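Here is my note on the model you sent. Please read it with the viewer open.

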Amino acid sequence: MLKNIHYTTICALLLTCTLLAGCKKTDNKPVSTAGPKAKLVLVHGDAQSGTYGQDLHDSLVVQIMPPVGKTAMQYAVTFNMLQGNGQVEGVQAGGSLSPQYGTNSLVQIKWRLGCNNPAQKLTIYLYADSLINYGGAPKGPPDDSLVVSASGSKPNGWGRACGCNTPSYMTKIATFDKKTFFMAAAGLFSSTDGGINWSKVNGVPYWSTVQDVQFNSKGWMYILTANNGIYYTQDGQTWTAINNGILDMRTPTAFTVAGDWMFVSFYFDGPYFTNNNGAFWQKFLVGYGSQRFYLFRRHPNGSIYMFNDWTNMLISTDTTKTWQIIPTNGAQVNYAAYDMEIGPDGNVYVGSDWATIATFAPVTNQITYKSFYQWNASDQPCNNINFYNGDVYFLLNDNPQPGIYQMSTWSRLDLGFTGPISAYFIRPDGSFLLMTNDGLYYKN
């Protein structure tokens with residue numbers, strides 16, 4: 001449905017545009033000259049104003065005018081952001097839109113503005129459907145094209161970032177130099193302006209399957225892919241596979257880079273460790289009926305922690321040779337562990353169901369915990385544990401009071417953000433990037 005515009009209005013605008021020929025065309029791409037050509041007419045939506053990262057108030061409307069003997073359904077439109085890093089919703093790279101049945105050859109286009117330019121331009125190309133090469137460049141020149149313009153401005157308060165995929169609770173953001181951020185979100189993206197504008201990192205193996213990104217103490221970057229193992233780069237351009245010794249790389253369950261040590265496990269294979277940068281991964285035995293493994297963490301004292309599929313909290317003090325269970329009860333670690341992190345204080349923090357966060361002190365072997373559970377028939381997972389400026393932060397979801405909490409006050413942060421938060425990242429200055437199912441958000 002169009003916003004604030006009726007079908008009769010569209011028809012009137014279309015007639016005016018057709019008679020006056022007032023639609024701006026572009027000659028940036030050669031137009032097909034063989035045979036009768038279809039025409040593309042802009043009906044509505046040019047010269048709008050909007051907010052960075054948000055959809056324009058009105059959808060763009062174009063009409064396909066086919067030559068005699070053809071129908072509009074035999075054509076499709078593709079797009080190119082001529083100026084600005086916005087996007088057309090519902091269209092991936094190499095994708096297209098076609099007119100809907102019963103719309104009088106109209107195509108409605110929802111344009112989300114970019115975040116990097118107040119003056120933005122979108123080129124719309126018209127192709128015969130037979131030339132559309134889904135996922136790649138069209139197989140011939142367009143029949144017609146036009147340029148639509150819009151102006152954008154910075155948001156007041158929270159704004160949606162631009163140039164990256166929609167994040168999920170599994171999205172990871174990492175930085176080594178505290179200046180360039182990298183995000184693994186069904187692809188690898190980078191940002192040099194604090195997470196507002198993102199761009200695709202080119203040359204990455206199995207780019208669309210990247211699930212995790214981490215750094216070692218040297219600044220080497222490591223990525224984990226969905227089914228093809230681990231790759232690393234020292235210069236951000238040359239990638240090397242480091243999977244020697246791993247038998248089955250399908251469906252990773254855990255991956256951790258800890259100094260010169262790395263740990264990985266998969267749904268059907270593992271766990272493994274390496275201390276020679278993946279020259280060879282050594283499989284180790286755990287016991288306790290374990291089949292799958294999660295949340296590897298290496299303590300500064302050399303101890304290694306992890307969870308198995310029975311929610312046993314396990315520790316090895318002899319570099320994975322033997323493992324012992326750290327006794328926990330259902331109140332301390334409830335049903336499933338979602339996150340485990342080692343704090344600057346040396347304590348081990350565990351987030352689990354029933355909005356529970358527990359603290360294990362290796363010095364005393366004591367566990368303390370706090371639950372924020374309020375009954376609502378949900379599991380209320382606690383995860384996304386982070387440390388900043390001497391405090392511990394964690395995320396509660398599906399709780400009657402969901403959001404980011406801090407341990408120093410045992411209270412929820414008032415960030416002025418009303419939507420559900422899937423995950424978050426604390427920037428070096430203490431501000432937040434919020435990951436939601438509607439995009440990545442920053443505070444302007």
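1. Basis. This is a predicted model: local features need pLDDT of at least 70, side-chain atom pairs count only at pLDDT 80 or more, and totals for chains, interfaces and linings use all residues. Residues are numbered from 1 along each chain as its sequence is written, and side-chain values use heavy atoms, with hydrogens and water left out.

2. Confidence. The chain has a mean pLDDT of 92; pLDDT is the predictor's confidence in each residue, from 0 to 100. A value of 70 or more is reached by 92% of the residues. Residues 1-23 are below 50. Beyond near neighbours in sequence, that stretch has 32 contacts in the model (contact: heavy atoms within 4.5 Å).

3. The disulfide. The count is 1 disulfide, defined as a pair of cysteine sulfur atoms within 2.5 Å. Cysteine 115 and cysteine 162 form the bond, with S to S at 1.9 Å. The disulfide is right-handed because the torsion about its S-S bond is about 60°. The pair links distant parts of the chain, 47 residues apart. Cysteine 115 sits in the loop between strand 7 (111-112) and strand 8 (119-128). Cysteine 162 sits in the loop between strand 10 (158-160) and strand 11 (172-174). Strands here are DSSP runs (E, at least two residues), numbered from the N terminus.

4. Cysteine burial. Are cysteine 115 and cysteine 162 buried or exposed? Both are buried. The cut-offs: buried is under 20% relative accessible area, exposed over 50%, partly exposed in between (1.4 Å probe, protein chains only).

5. Other cysteines. Cysteine 164 is in no disulfide. Its nearest cysteine sulfur belongs to cysteine 162, 8.0 Å away. Cysteine 164 has 15% relative accessibility, so it counts as buried. Cysteine 382 also counts as buried, because its relative accessibility is 0%.

6. A cis peptide. Most residues other than glycine have a negative phi, and most peptide bonds are trans. Glycine 270 and proline 271 are joined by a cis peptide bond, with omega about 5°. Proline 271 lies in the loop between strand 20 (261-266) and strand 21 (272-274).

7. Positive phi. Alanine 47 is not a glycine, yet its phi is positive, about 60°. Its place is the loop between strand 1 (39-44) and strand 2 (48-51). Alanine 47 is exposed, at 61% relative accessible area. Asparagine 365 is not a glycine and has a positive phi of about 60°. Asparagine 365 is in the loop between strand 29 (356-361) and strand 30 (366-371). With 55% relative accessibility, asparagine 365 counts as exposed.

How values were computed
Helices (H or I, at least four residues) and strands (E, at least two) are DSSP runs, numbered from the N terminus.
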